[in-house]
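Visitor: I would like to learn how to read this structure feature by feature. Please give me the general idea each time, then the case at hand.

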Amino acid sequence: MPRLILIGGGSSSGKSFLTQEVIRRLGGEGITHLTLDDYYKDQSSMTMEERLKVNYDHPRAFDWKLMREQVASLKQGKTIAKPVYDFVERTRSDKVDIVKPDKLIVIEGIMALVDKQLRQMGDLRVFISASAERRFLRRLIRDSETRGRSFENIVHQYFSTVQPMYEEVVKPSSNYADLVINNDGVENLALEVLTLLFRKELDLATAGEPSANKEGEEFQEEVLSKVFQKRGK
């Protein structure tokens, strides 16, 4: 069974760049990479004016049912037809990507650690941290160069939805991470640390090591009851 790494963090914290660079360093063999951005809901029935009003940083903007189903299928070793999101048109494109799971599956996105069902499928959960200023500058460059957004649009979206939703939804999900990695500034150890983690998980997958997910186990009812029984003696 493939092993699954989930990488969460704020918009433009460096999730995609770090993931792609680590995969390049490792030669790309044995690794399947997905971004949760492709699981934004299909909005083809909406006008562009309506699409512009959607809060894309809120959990409601995502197709959680399809996301969970397809991630579960990948974890079971099954091939999926993943949707492809068009950031210019702000809806799904007519294309799909056929994705085959490899030994290691890496999934990154702002909501990667938000959903409990998704987290429970992960063998390793990582949160990439960066300051609001750094994330804003990176997003400004990315959206203007690759997504055709105007300066006014980028600034408005960042301060009206991106940063508020980061504080309300994304940042709290770091509490569920096995490791929080700092990616603030130009020079840091984020790439080196993430490379070591990928290599370790890839080695475990190659060795056929079973998943050892124990999220929340210390607070399960049977565990707590044993603690209080001991204290009552």
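This is a predicted model: local features need pLDDT of at least 70, side-chain atom pairs count only at pLDDT 80 or more; totals for chains, interfaces and linings use all residues.

Visitor: How many helices and strands does the protein have?

Guide: The protein has eight helices and seven strands.

Visitor: How do I read the sheet, and what is the strand order?

Guide: Strands of a sheet pair through backbone hydrogen bonds, either parallel or antiparallel. Two strands count as paired if DSSP finds at least two bridges between them. Here, five strands form an open sheet in the order β2-β5-β1-β6-β7, with parallel pairing. At the edges are β2 (31-35) and β7 (179-182), each pairing on one side only. On average, neighbouring strands of this sheet are turned by 20° against each other, direction ignored. For that angle, axes are lines fitted to C-alpha atoms, for helices over the stretch in contact, and angles run from 0 to 180 degrees between N-to-C directions.

Visitor: How many bridges join β1 to β6?

Guide: Five bridges join β1 (residues 3-9) to β6 (residues 124-129), and the two run parallel. In β6, R125 stands opposite L6.

Visitor: In which sense do β3 and β4 pair?

Guide: Strand β3 (residues 80-86) and strand β4 (residues 91-99) pair in the antiparallel sense, over six bridges. I80 faces V99 of β4 across the pairing. The two strands form a hairpin with four residues between them. In that turn, R90 has a positive phi of about 60°.

Visitor: Which residues of helix α1 are buried, and what do they pack against?

Guide: In α1 (residues 15-25), the buried residues are K15, L18, T19, E21, V22 and I23. They pack against β1, β2, β5 (104-108), β6 and α7 (190-206). Contact means heavy atoms within 4.5 Å.

Visitor: Why does Q70 count as buried?

Guide: Q70 counts as buried because its relative accessibility is 9%. This residue is found in helix α3 (residues 64-75). Leaving out residues up to four places away in sequence, Q70 touches Y39, I80, A81, K82 and P83.

Visitor: How many salt bridges does the structure hold?

Guide: A salt bridge is a side-chain nitrogen of Lys or Arg within 4 Å of a carboxyl oxygen of Asp or Glu. The structure holds 14 of them. One joins R68 to D115, with the closest N and O atoms 2.7 Å apart. This pair links distant parts of the chain: R68 is in helix α3, D115 in the loop between β5 and α4 (116-121), 47 residues apart. R68 is partly exposed at 24% relative accessibility, whereas D115 is buried at 10%.

Visitor: Which residue forms a salt bridge with R134?

Guide: D184 does, with the closest N and O atoms 3.6 Å apart. D184 lies in the loop between β7 and α7 and R134 in helix α5, so the pair ties together parts 50 residues apart in sequence. Beyond its neighbours within four places in sequence, R134 contacts D184, G185 and V186. The C-alpha atoms of R134 and G185 are separated by 7.3 Å.

Visitor: Which residues are linked in a network of salt bridges?

Guide: The network links R139, R142, D143 and R149.

Visitor: What share of the residues is buried in the whole protein?

Guide: Of the 233 residues, 47% are buried. Among contacts between residues at least 6 apart in sequence, 76% join residues at least 24 apart.

Notes: Residues are numbered from 1 along each chain as its sequence is written. Side-chain values use heavy atoms; hydrogens and water are left out. Buried means under 20% relative accessible area, exposed over 50%, partly exposed in between (1.4 Å probe, protein chains only).
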